[in-house]
Amino acid sequence: MCVCTNVCVCRVPSAPVSDPDALHEAVAEIVSMLKESKTPILIPGVEIARHNLRGEFRTLLEQSRYPYTTMLLSKTCLNECHPQYIGLYCGDRSRDYVRNRVETSDAIVIFGEKLTDFNTGGFTALMDTKKTINIAYDHVRVSHHTYPKVYIHDVIRELAKRIPPKDPATLNIHCASDGCVHRRTLAFEPK
């Protein structure tokens, strides 16, 4: 009996490379918007986990010193005891502080999150397009400008070099692990 051994050759595809001009322009516009912002917030999404970008994102996060929230699909994408983590954002199903912090932000930076009905609390998430930077897997949208062929991993690496840090004392960060009790939760009382 003859058995073919070369039927399937598996190769792990290399990460796609961004258009360098589009990447440069997108990052410059993001940095400009963040420099002007007073209340920026980061939202790491499910693509951070899918593409193994947790370490790179954590570096960016800690250099920026901005608060961050997650949505349901990306829950536990990063450590929820991190001092910059403010809690889960899910539209009107969020804690009041988290919902207000996201929805009144002057720069919302979304990294690879899917804005589905499930993730947005039945589409009740209110994020102003003019104040939103959406970094998807293969393109970036800053307000109403779209940059195709710009990949999330390249944006994270470039932003980590250029993100303007803020003083955490001015950012109203209420760490979720400091006594966070959801408004609909009742304390357990054994009988």
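Predicted model: local features only at pLDDT ≥ 70, side-chain atom pairs only at ≥ 80, totals over all residues.
Residues are numbered from 1 along each chain as its sequence is written. Local features need pLDDT of at least 70, side-chain atom pairs count only at pLDDT 80 or more, and totals for chains, interfaces and linings use all residues, while side-chain values use heavy atoms, without hydrogens and water.

**Exercise 1. Aromatic pairs**

Task: Classify the pairs Tyr-68 with Tyr-85 and Tyr-137 with Tyr-151, and place each ring.

Solution: 
- Start with the rule. Rings of Phe, Tyr and Trp (its six-membered ring) pair if their centres lie within 6.5 Å; planes under 30 degrees apart are stacked, over 60 edge-to-face, the rest tilted.
- The structure holds three aromatic pairs. In one of them, Tyr-68 and Tyr-85 sit 5.1 Å centre to centre with 50° between the planes, a tilted pair.
- Tyr-68 is in strand β2 (residues 68–70) and Tyr-85 in strand β3 (residues 85–88), so the pair ties together parts 17 residues apart in sequence. Strands here are DSSP runs of E, at least two residues, and helices runs of H or I, at least four, numbered from the N terminus.
- Tyr-68 and Tyr-85 are both buried (under 20% relative accessible area; exposed is over 50%, partly exposed in between; 1.4 Å probe, protein chains only).
- For Tyr-137 and Tyr-151, the ring centres are 5.6 Å apart and the planes at 70°, so this pair is edge-to-face.
- Tyr-137 lies in the loop between β5 (132–135) and β6 (139–142), and Tyr-151 in the loop between β7 (145–148) and α5 (152–162), so parts 14 residues apart in sequence are tied together.
- Tyr-137 is partly exposed at 28% relative accessibility. Tyr-151 is buried at 15%.

**Exercise 2. Two helices**

Task: Describe how α3 and α5 cross and which residues meet.

Solution: 
- Two packed helices are described by the angle and the distance between their axes.
- The axes of α3 (residues 54–64) and α5 come within 9 Å and cross at roughly 30°. Axes are lines fitted to C-alpha atoms, for helices over the stretch in contact, with angles from 0 to 180 degrees between N-to-C directions.
- Therefore α3 and α5 are roughly parallel (under 35 degrees; over 145 is roughly antiparallel, 65 to 115 roughly perpendicular, the rest oblique).
- Glu-56, Phe-57, Leu-60 and Gln-63 in α3 meet Ile-156, Arg-157, Leu-159 and Ala-160 in α5. Contact means heavy atoms within 4.5 Å.

**Exercise 3. A loop residue**

Task: Locate Leu-115 and list its contacts.

Solution: 
- Leu-115 lies in the loop between β4 (107–111) and β5.
- Leu-115 is partly exposed at 37% relative accessibility.
- Leaving out residues up to four places away in sequence, Leu-115 touches Met-71, Ile-110, Thr-120, Phe-123, Met-127 and Asn-134.
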